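Work through the following exercises with the sequence and the model in view. Try each task before reading its solution.

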Amino acid sequence: ILYRQGGRILLMSLGYINDHGRNEEEKVNRFARLMYAIRTGRESASDSFTFTDSYGVTYLMLPGGINPIASLGEDELRDVIRAISGRFDTLVLDIGTCLREENISVMKESDNIICFGSGRRFPGMAEMISERTDSKVTLIRITGETDEALAMDDCIRQIYGKDATWENQEQRQ
């Protein structure tokens, strides 16, 4: 996405385990602060709740391991997504195998769903969420080979447009 489309991208883990955690020496519960800011309407700069890696992808500052977002109810989850989404060009919600009702509900409202899988664990995601969403679901088989990279490239082109490259986006502006 970053190569083809550019812009600010936030990857937010909705799974039970947060693989994108950040263990800070200062024992500040940034997630609690984020939730407080959302509930009180005092949302501050996203930089106080996020960090950006060396590739330019942004993540919420959450501890590694057990993901506090996975315990949010549907309304709280929507509030977090709503509060954060306006600050980024692309929001990637990484559900992984955490197919709880709240996550499926959010998927139903998503613009696009990309499902990565391999072997027999290639779920029928479109059927799981609704018959109406077939066109929103793209399945990419994880192979580690060229066909996987080509499938991801095709998927990004389909979502953002055929000529969606960072250079083309800059030229249009």
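Contact, as used below, means heavy atoms within 4.5 Å. Helices (H or I, at least four residues) and strands (E, at least two) are DSSP runs, numbered from the N terminus. This is a predicted model, in which local features need pLDDT of at least 70 and side-chain atom pairs count only at pLDDT 80 or more, while totals for chains, interfaces and linings use all residues. Residues are numbered from 1 along each chain as its sequence is written, and side-chain values use heavy atoms, with hydrogens and water left out.

**Exercise 1. Helix α2**

Task: Find which residues of α2 are buried, and state what covers them.

Solution. Begin with the span: α2 has twelve residues and reaches 16 Å from its first C-alpha to its last, close to the 16 Å expected at 1.5 Å a residue, where the expected span is 1.5 Å times one less than the number of residues. Next, apply the accessibility classes, in which buried means under 20% relative accessible area, exposed over 50%, and partly exposed in between (1.4 Å probe, protein chains only). By this rule L77, R78, V80, I81, A83 and I84 are buried in α2. Finally, look at the covering elements, which include β1 (9-13), α1, β4 (57-60), β6 (90-94) and α3.

**Exercise 2. Helix α1**

Task: Work out where the buried residues of α1 lie around its axis.

Solution. First list the buried residues of α1, which are R30, F31, L34, M35, A37 and I38. Seen down the axis of α1, these buried residues fall within an arc of 160°, so they line one face of the helix; the arc is that of the directions from the helix axis to the C-beta atoms. The elements that cover the buried residues of α1 include β4 and α2. Just after α1, G41 takes a positive phi of about 75°.

**Exercise 3. Salt bridges**

Task: Locate the partners of the salt bridges E76 to R39, E109 to R78 and R157 to D153, and describe their exposure.

Solution. A salt bridge is a side-chain nitrogen of Lys or Arg within 4 Å of a carboxyl oxygen of Asp or Glu, and the structure holds eight of them.

1. The side chains of E76 and R39 meet at 2.6 Å, N to O. This pair links distant parts of the chain, with E76 in helix α2 (residues 74-85) and R39 in helix α1 (residues 30-40), 37 residues apart. E76 is partly exposed at 29%, whereas R39 is exposed at 56%.
2. In the salt bridge between E109 and R78, the closest N and O atoms are 2.7 Å apart. E109 lies in helix α3 (residues 101-109) and R78 in helix α2, so the pair ties together parts that are 31 residues apart in sequence. E109 is exposed at 57%, whereas R78 is buried at 15%.
3. R157 and D153 also form a salt bridge, with their closest N and O atoms 2.7 Å apart. Because they are four residues apart in helix α5 (residues 146-160), about one helical turn separates them. R157 is partly exposed at 27%, while D153 is buried at 18%. A network of salt bridges links R4, D153, D154 and R157.

**Exercise 4. A loop residue**

Task: Decide whether N67 is buried or exposed, and find what its side chain reaches.

Solution. N67 sits in the loop between β5 (65-66) and α2. With a relative accessible area of 3%, N67 is buried. The side chain of N67 reaches the backbone oxygen of S13 at 2.8 Å. Not counting residues up to four places away in sequence, N67 touches S13, L14, G15, Y16, I17, N18 and L62.

How values were computed:
A polar contact is a pair of N or O atoms within 3.5 Å; within protein, one must be able to donate a hydrogen and the other to accept it, and residues adjacent in sequence count only if both atoms are side-chain atoms.
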